[in-house]
Amino acid sequence: MEKISVAVRFRPPKSSADPDVDSSSFSGGGAGGNREWRIDDTRISLLHRAVPVPGTSFAFDHVFDDTATNGRIYGLLVRSLIRAAVDGFNGTAFAYGQTSSGKTFTMNGSTADPGIIPLAIRDIFDTAAEAADREFLIRVSYMEIYNEEINDLLTLGSEKLPIHESLERGVYVSGLREEIVNNAEQVLELLQRGEENRHFGETNMNVRSSRSHTIFRMVIESSAKDQVNSGDAIRVSILNLVDLAGSERIAKTGADGVRLKEGKHINKSLMILGNVINKLSENGKQRGHIPYRDSKLTRILQSALGGNAKTSIICTAAPEEIHIEETRGTLQFASRAKCVSNCAQVNEILTDAALLKRQKLEIEELRQKLQGSHSEVLEQLILKQRNDMHKFELERDRLAMELEEERRLRETLEHQLTEQQKMLENHDNIGLSAEQFTDSIQLDSLKTPDSKRTPDGFVASRSRYSNDVEFSPIPENLGAVADEDLWMQLNKGCITDLDMLEMTPGFKCPPSLPKDTTAVAPLKEPIDVRCQRLEKDCISDRQQLEDSKASCAVLEKERNQLIEENSLLRQELSRSKQEGNHLVSEKEELLKELETERYKMEQLKQDIRIFSQSFSQRQGQLTSLYTKSKAIVENCKASQVALP
Ligand SMILES: Nc1ncnc2c1ncn2[C@@H]1O[C@H](COP(=O)(O)OP(=O)(O)OP(=O)(O)O)[C@@H](O)[C@H]1O
């Protein structure tokens, strides 16, 4: 497990000469006056007349003031992600912050100070070139989420793309164009093409404000050039570089019409992102369901948020006093994000044969290491396998929770369906009067407040759309949502119940209508029309039930697979242990033999020593005998010469 890296960056203050600055912003200076942010190394505090304001001090991995360059930020926060992505880890870097705080500047940069995306592109190709033993296949895609619809930025006039999920691919955007690329220049050209298709618009806060969230994605596949020793595994990692649209206070941006609609979508999806981060930052056991499915953004970034990826977040902030509340909201978001842990691992695709080959290699390695008397290595490997198993168990628990939730949802839907079928049967068989029938509908199907049957009311039910991958939780008539309420929720960073938000139009609409008009209106509707509608509801509920069953089955399959993998790992672990024990006893035998040999050798040395001693004694004796004999021979020779 590894925590998400979080940094905060302040952009330079704007002068009143800037085209997107409302000069009146600087005159009042907000409610308190004389407030400013102070940066001390990695800590930011709010001061009021040079005195720290309680509860407004935050610490992060890095804090950058307005002198920091994109290159420095890249080096400290993103470079390691890129290196890891080339090695097979998923990575995500994104910029978060209020409108006009410098997100696009951070991600894209300028000619003089290139941003994180262009720097990452070059770094990927340089890093890949350094890995001389591997060959790479790199693909690029670029998409935006505009008004909760996904557009392909590399294909002009593309259709709105749906999100799908499968066991093999996980969550993916279907039909998204992916270009195979060979060098950084090619990618930069694609990036430029995508930028031209992206939605920008002018607001009071920013002359070129991003009106969509963009996700620039690189898929990096690599395999070893030497297939014989590599175990045939292919590494596939996904790198997301995300420029979020900024949260905005409509009162400040002055948005209306299209801009207003965009702003509401932006705020709502950022609020859901905040909710996901809040939930993930809670203690594991109390965490419960994570609402990834509530927006397309969180669904696409699911693995980056508490999943299998390394993630860095750069929170951008405006230094001006007029933006203090928004900056405080951003810092609260950043603080929570800091508590989120991810579990990144190398993504490898292995065939069965390759798996077998790899296991054989591992066992062989193990044996060699053990014979080299490195039993601690074996312990480490066993520990690693235990960790892997633990990870699988965690994943299995998570899936079990999701499964349980799906089951509950299915039960609710089944219940609703049964109720509606009962009502239909009652109507057909018993023949209720129009009033009785309408009453029963109101009693049984409208357990939530009366706005459900208001023709123009906002009737999306969270339990339904959250289960449907294709369903956008943002309703058409979002314009009626109280934006200030939404903004306040967003910037206070608290978890907001979507059901509560859905009811917001209910609070706003009534004054123009007589109170009981909404309640009476459905009674006037002809009974067969009502029946038809009910049948339609029935069909759609049935459809949802089917979908729910299907995703339940997928989850169950996934869970069973994990259980299987888990038991395989356990088997593997016990096999490794046995193998280890066997090798240890072999080693002990060998040591004993070695000891016996050593003893024998000592004995031999002793024998040699004794032998050489007696040998030199004997040699001395022989030498003196030889000398004596030689003297006798000399004497004899001399006496022979003396004879006549
Ligand atoms: N660190 C910086 N140095 C210099 N200029 C900056 C910096 N950050 C932002 N700016 C300038 O501030 C303005 C707003 O920045 P930018 O468009 O990046 O904001 P944003 O957060 O992406 O806004 P939005 O959410 O509305 O798209 C731009 O003119 C940009 O050039």
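Modeller: Start with the words we need. Helices are DSSP runs of H or I with at least four residues, strands are DSSP runs of E with at least two, and both are numbered from the N terminus. One caution: this is a predicted model.

Colleague: How many helices and strands does the protein chain have?

Modeller: The protein chain has 19 helices and 19 strands. Now use the names. D41 lies in the loop between β3 (35–40) and β4 (43–48). R49 sits in the loop between β4 and β5 (51–59).

Colleague: Is D41 buried or exposed?

Modeller: Count the C-beta atoms around a residue. D41 has 8 other C-beta atoms within 10 Å, so D41 is exposed. R49 has 10 within 10 Å, so R49 is exposed too.

Colleague: How much of the protein chain is buried?

Modeller: Buried residues make up 30% of its 644 residues.

Colleague: Give me a buried one. What is the count for S312?

Modeller: S312 has 25 C-beta neighbours inside 10 Å, so S312 counts as buried. Find S312 in strand β17 (residues 310–317). Next, ask which residues S312 touches. Leave aside neighbours within four places in sequence: S312 is then in contact with S5, L77, V78, L81 and A93.

Colleague: How far apart are S312 and S5, in sequence and in space?

Modeller: In sequence, S312 and S5 are 307 residues apart. In space, their C-alpha atoms are 4.6 Å apart. L583 and R367 are 216 residues apart along the chain, and their C-alpha atoms are separated by 7.2 Å. L583 belongs to helix α19 (residues 527–642).

Colleague: What share of contacts join residues at least 24 apart?

Modeller: Take contacts in the protein chain between residues at least 6 apart in sequence. Of these, 75% join residues at least 24 apart.

Colleague: Now annotations. Which residues does the UniProt annotation "binding site" cover?

Modeller: A record like this is read separately from the coordinates. The unreviewed UniProt entry puts "binding site" on G97, Q98, T99, S100, S101, G102, K103 and T104. Let us look at two of them in the model. Q98 is in the loop between β7 (91–97) and α3 (103–108). G102 is found in the loop between β7 and α3.

Colleague: Are Q98 and G102 buried or exposed?

Modeller: Use the counts again. Q98 is buried, because 26 other C-beta atoms lie within 10 Å. G102 is buried, because 21 other C-beta atoms lie within 10 Å.

Colleague: Which residues do they touch, apart from sequence neighbours?

Modeller: Skip residues up to four places away. Q98 is in contact with G246, S247, E248, A318, H323, E326 and T330. G102 touches R9, R11 and T316.

Colleague: How do I read two packed helices?

Modeller: Two packed helices are described by the angle between their axes and the distance between the axes. Take helix α4 (residues 116–130) and helix α5 (residues 184–197). They pack at an angle of about 155 degrees, with their axes 9 Å apart. That angle makes α4 roughly antiparallel to α5. The crossing is right-handed.

Colleague: Which residues of α4 and α5 meet?

Modeller: From α4 come I117, P118, I121, R122 and F125; from α5 come A184, V187, L188 and L191. These contact residues divide into eight nonpolar, no polar and one charged.

Colleague: At what angle do helix α8 (residues 257–281) and helix α10 (residues 324–337) cross?

Modeller: They cross at roughly 40 degrees, and their axes come within 8 Å. The two helices are therefore oblique to each other. α8 passes α10 in a left-handed crossing. On the α8 side, G274, I277, N278 and S281 make the contact; on the α10 side, F333, R336 and A337 do. The residues of this contact split into three nonpolar, three polar and one charged.

Conventions: Residues are numbered from 1 along each chain as its sequence is written. This is a predicted model: local features need pLDDT of at least 70, side-chain atom pairs count only at pLDDT 80 or more; totals for chains, interfaces and linings use all residues. Axes are lines fitted to C-alpha atoms, for helices over the stretch in contact, and angles run from 0 to 180 degrees between N-to-C directions. Angles under 35 degrees count as roughly parallel, over 145 as roughly antiparallel, 65 to 115 as roughly perpendicular and the rest as oblique. A crossing is left-handed if the near helix is turned anticlockwise from the far one by less than a right angle, and right-handed if clockwise. Two residues are in contact if their C-beta atoms, placed from the backbone, lie within 7 Å. Ala, Val, Leu, Ile, Met, Phe, Trp, Tyr, Cys and Pro count as nonpolar, Asp, Glu, Lys and Arg as charged, and the others, Gly among them, as polar. UniProt positions are given in the numbering used here, feature names are shortened, and annotations may be inferred rather than shown by experiment. A residue is buried if 20 or more other C-beta atoms lie within 10 Å of its own, exposed if 12 or fewer, and partly exposed in between; C-beta atoms are placed from the backbone.
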